[in-house]
2 protein chains.
Amino acid sequence: MNLLASPLVTDLYQLTMLHAYFAHGVGETAVFELFVRKLPRERNFMLAAGLEQALGFLEHLHFAPEELEWVEKSGKFPRGFAEHLAQLRFTGDVHAVPEGTVFFPDEPILRVTAPMPEAQLVESRLINLVHFETLVATKAARGVIVAPGKLLVDFGLRRAHGAEAGILAARAAYIAGYAGTATVAAGSRMGIPVFGTMAHSFVEAHDDEAAAFRHFAEACPQNVVLLIDTYDTEAAARKVVALAPLLASRGIRVKGVRLDSGDLAALSHSVRRILDEGALAEATIFASGNLDEYRMRDLVAGGAPIDGFGVGTSLVTSSDAPYLDAVYKLQEYAGKARRKRSTGKATWPGRKQVCRHYDGAGRFAHDVVSVEGDEQGGEPLLVPVMRKGRRLGAPESLAAIRERSAGQLAKLPERLRALESAASPYRVEIAPALRKLANQVDRAEGEVPALFR
Amino acid sequence: MNLLASPLVTDLYQLTMLHAYFAHGVGETAVFELFVRKLPRERNFMLAAGLEQALGFLEHLHFAPEELEWVEKSGKFPRGFAEHLAQLRFTGDVHAVPEGTVFFPDEPILRVTAPMPEAQLVESRLINLVHFETLVATKAARGVIVAPGKLLVDFGLRRAHGAEAGILAARAAYIAGYAGTATVAAGSRMGIPVFGTMAHSFVEAHDDEAAAFRHFAEACPQNVVLLIDTYDTEAAARKVVALAPLLASRGIRVKGVRLDSGDLAALSHSVRRILDEGALAEATIFASGNLDEYRMRDLVAGGAPIDGFGVGTSLVTSSDAPYLDAVYKLQEYAGKARRKRSTGKATWPGRKQVCRHYDGAGRFAHDVVSVEGDEQGGEPLLVPVMRKGRRLGAPESLAAIRERSAGQLAKLPERLRALESAASPYRVEIAPALRKLANQVDRAEGEVPALFR
C-alpha cells in the first residue's frame, strides 16, 4: 500500500460527500478548476509544476483491498460504500497549463471534467501535489533569475517537509533551471542530476584536516570538491594548495572548494586569491549556508568570485512564502455553470481559458481569462492532457520542461523579474463574456425553484 | 521500493563519504547529536516529535536490490561500493528525549552512537523526519495553549508539502493536543481520529442549498455538520433551523454548522442566536478558513461562541516559521570528543545530557546541558531508546505521548506560553564540565600531530 498513490490521501469530507453523492445519484459531469487566488506579497509571478505527478495519481487511482477494508471497518460509512469505492477509477478529462509555464492569480492551471464523485475525491491530493511543486518551482525561478550562469544545486532534503517533499522540491527546482540536487532519490527515481561534496563530520572524523582532504580526494578522485570551513577557511585553502601537487602526481585534480559559513563575499575573494596564487586557478568556489535568492543576488552584484550555490531550506520550504492560496473549485455541474459566493472567496464560474498577449519585444503583455470558446486572440495556455482517464501522449521530458521554463522566464516583463514586489502587477483581464456568465449564474441561483424540497 | 523507507532519501555526499570511509577504514564509533541551534523569533519553546518515525527508519534500514543497482550504474562510485552497501544495517544505539517533551536550543533531542558509516548515512532522513514533526508539533502546541477546551482539527493536507507531510503533520498536531485530523490516511495508518464535514462544492452541486443540507443529513445521519457560508451565512443558518424538525422526525440530529469565511466573530454570534432561537441550542459552531493561533486567541478572547476550529495551512507549513535550525553534528569519534568551529556555527562537543530543574510550583525553572555522567541533579531528559539497532520496548502509544505533551505544556513558565516572543527566554545553562571539554578539544586540535601526512 503505497502512501504516495493512495486515494486515502484525502480529506474525510471527500469520502463523506462521495457517499452522499452515491446515495442521491449526484453523478453527473462536474468541472473543477485549480487556480491560485492571489500572489504572496513576495512574488510577482508563479511557475506551474506538478502536473506530471497529478496525472500519474489520476491514471492509477484505485482503492487497494486494505484501504477498502479500512473504509468498511471505520464505522463512518454505511455498508455497501466500500463496494462503490472498489469500482472507482478516474475516467475524466484533464486540461492543463504545461509545466514550466508562468502564470498569475485567477488563471486556472488545471481543469478536471469528470463524474462528480471522481472529480471530488481527488481534490485534496491534486492541490497537494500541484501546489507544492508550483510553490518550489516559483521560489527556484527567482534564484535562477538573479544568478545567471551560476551552478545552482538544491541542498534542502534535510529540512524539506518529509521525503516526498524532498524529491518533489528537487524536481521543481530542476524544472525552474537549477542544475540539480543533492537528493539521491531524486536522481534514482527521476533522473535529476545529483551533486555532492563532503560534510564537516568527515573532516572532524580525522585528527588532521589535510589528511581528511587527502583521504577524500583519493577515495573520490572524479569529484574533488573540498569543504574548507570546518576550522579556519583561509588556512584550509592553503592546505588544499599544498596538497594539490601530491594529488596531481597521482592524476587527481582538485575540482573546487566549498564555503559553508562566515562572510561569503570576503572569503570568496581571499580564497580565490589563495587558489590562484597556488596554481589552482581552475578550481571553482562553491558556496552554501543559509542562502536564498536575496543573498545570491547581493553576492553576484558584489562581484563575489563564486561559481555555484547550494540552496537548501529557503528553497524547499519556500520560507518567505511557504504556501500559495491554491484552490480547486467547482465551476460547472450537470451542464450548468456554478460559483461560490462566500465573502472574500467568490470565484469565476464555468470552464475557462487563459490567453496570453505579447508586446513588440516578445515579452508577456497581459492575459485574458474568458469562458472556453470565447478566446479573442492571444496564446491559449490550457491544453488537453488527459481524456477518459488516459494521458494524451507520453509524459513530457524534464529537458523539454526546463527549456520551456527558461523561455518563459526570459519573456517576463522586467519589473516582474525583480525580487521585490512590482509596483504594478501583471495585468490579468476578465473578459466580458466571463463577467456576463457570472451575472447569469448569480441571477439563476436567486431564482431557482427549490426542486428537491 | 518504498520511498519513505529508502536509504537513498539522503544527500549524495553521505554516500560519497561512506565510500571514502570504507576505502580508508574510517569505521570506528561515532556519536552524532541532533539539536536545534536557535529558536525562530516567533517561538518560545519547541515540542519534540518524530522519534517514532526515526526509529522505524533506523530499524529497517537496508538497500533494496533496485537501489543497489542504481548505485552501481550511476557511475559515481567505484565497483565494489554497492557490495558494501548491501551489507549495511543500522547496528547502533540511540538515546532520545521522548516525544511530547518541551525542549530548547542547544539541547540534543536525539543521539546516535554507531559505526561512522551508519551514523553518517542516516543524517539527512533523521533530520528530515524529526525536524518536520517537531516543527508542526510546536506550532500546534501554540494553538492548544490559546484555545483550551476547543475541538481543534488539522485541515491542512491540501497545502502540506506532499502526502508524507500531510500525515506526519496530522500526527504531530495530535501529539500536541489536537483532537484529530481531516486526513484519512492519518487515520487509516496511524489510528488518529478523523473528522470531516462537507465542502462548498457539495452545496453548489445542488440547485438549492436546503436540498443540499437535507441530502447530506440523510446520507450521513451520524455526523450532520452543515457548511453554511456558500452564499449567505445567516440565511443558511435559518435554512438549517427550518430543516431540523423534518430531520428530527426521522431521528436525525443536526450536530452543528461550520463557518468558513467572513467575520467569524460577528457571524458566530448571529448564527448562535439563530440556532438557539430555532431550538438548536445543542448544535455546535465549528469555524475554519485561514485560521492560526493568533486568530484563535483573538476569537476566544473576544468571547466568540465557537466550539471548535479547523486549522489548515498555517499549521502544516508552520507558516510563520516554516523551518527550525535543526542540525545533526558529530560530537565524538573513536572515543575522542569533536566539535565544529565554523564561524557562527560552533557546537558543544561530546556526549551530552540535559537536566531539567523545576520551581516551587512544579514549572520548568531552567535546564543544564552537560557531558553525560556529569549530571548535577535535575531530571535527565535523554533516555536510551535503541540498542544495537533494536528498539528498547514497543513504540509508545499516541495516547501516552499526548498525555506527556499536555503535562509538559502545563509546566511551561507563563511567559513562554504567550504567542509573542518572551522578553526573557528560557535559561539553558552550559555546565562547567562541558565548557572544559570544549576547551580541551580546541587545544588538542591545535596541537595534534599531522598523523596522516
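Predicted model: local features only at pLDDT ≥ 70, side-chain atom pairs only at ≥ 80, totals over all residues.

Me: Where does Ser318(A) lie?

Reply: Ser318(A) sits in the loop between helix 14 (313-316) and strand 12 (326-333) of chain A. Its phi is near 45°, a positive value in a residue other than glycine.

Me: And what about phi of Ala334(A)?

Reply: Ala334(A) has a phi near 50°, again positive in a residue other than glycine. For background, most residues other than glycine have a negative phi. Ala334(A) is in the loop between strand 12 and strand 13 (336-337) of chain A.

Me: Is Ala334(A) buried, exposed or partly exposed?

Reply: Partly exposed, because Ala334(A) has 13 other C-beta atoms within 10 Å, and the exposed class stops at 12 or fewer.

Me: OK, new topic: domains. What does the assignment give for chain A?

Reply: Domain 1 takes in 3-136 + 321-447, and domain 2 is 148-316. Taken over C-alpha atoms, the centres of domain 1 and domain 2 of chain A are 38 Å apart.

Me: How many residues are in contact between domain 1 and domain 2 of chain A?

Reply: 15 residues of domain 1 of chain A contact 17 residues of domain 2 of chain A. On the domain 1 side, the elements giving two or more residues are helix 6 (123-146) and helix 15 (398-410) of chain A. Helix 15 of chain A gives the most there, with five residues.

Me: Let's do a sheet. What's the strand order in the six-stranded one in chain A?

Reply: The order is 7-6-11-10-9-8, in an open sheet with parallel pairing. Strand 7 (180-181) and strand 8 (225-227) of chain A are at the edges, each with a single partner strand, so one side of each has no neighbour in the sheet.

Me: How many bridges does strand 8 make with strand 9 in chain A?

Reply: Three bridges, in the parallel sense, with strand 9 of chain A covering residues 256-259. As for a specific pair, Val225(A) has Gly256(A) in strand 9 of chain A as its bridge partner.

Me: Which residues have the most contacts inside the largest nonpolar core?

Reply: Leu226(A) and Leu226(B), in a core of 300 residues. Leaving aside neighbours within four places in sequence, Leu226(B) contacts Met198(B), Phe213(B), Phe216(B), Val240(B), Val254(B) and Val257(B).

Me: Now the two chains. What superposes chain B on chain A?

Reply: A rotation of 180° with 0.0 Å of shift along its axis, at RMSD 0.0 Å. That is the relation of a two-fold axis. Both copies use the same surface, as 100% of the contact residues of chain B recur in chain A.

Me: How many residues are in contact there?

Reply: 90 residues of chain B with 90 residues of chain A. Helix 1 (residues 12-24) of chain B gives the most to the chain B side, with nine residues. That side divides into 45 nonpolar, 29 polar and 16 charged residues.

Me: Last one: is Gly373(B) buried or exposed?

Reply: Exposed, because Gly373(B) has 8 C-beta neighbours inside 10 Å. Gly373(B) is in the loop between strand 15 (364-371) and strand 16 (379-380) of chain B.

Terms used
Residues numbered from 1 in each chain as written. Chains lettered and ligands numbered in written order. Core = buried A, V, L, I, M, F, W, Y, C linked by C-beta atoms within 7 Å. Buried ≥ 20, exposed ≤ 12 C-beta atoms within 10 Å, placed from the backbone. Contact = placed C-beta atoms within 7 Å. Domains from an automatic or database assignment. Helix = DSSP H or I, 4+ residues; strand = E, 2+ residues; numbered from the N terminus. Least-squares fit on C-alpha atoms with pLDDT ≥ 70 in both. Nonpolar A, V, L, I, M, F, W, Y, C, P; charged D, E, K, R; others polar. Pairing = 2+ DSSP bridges.
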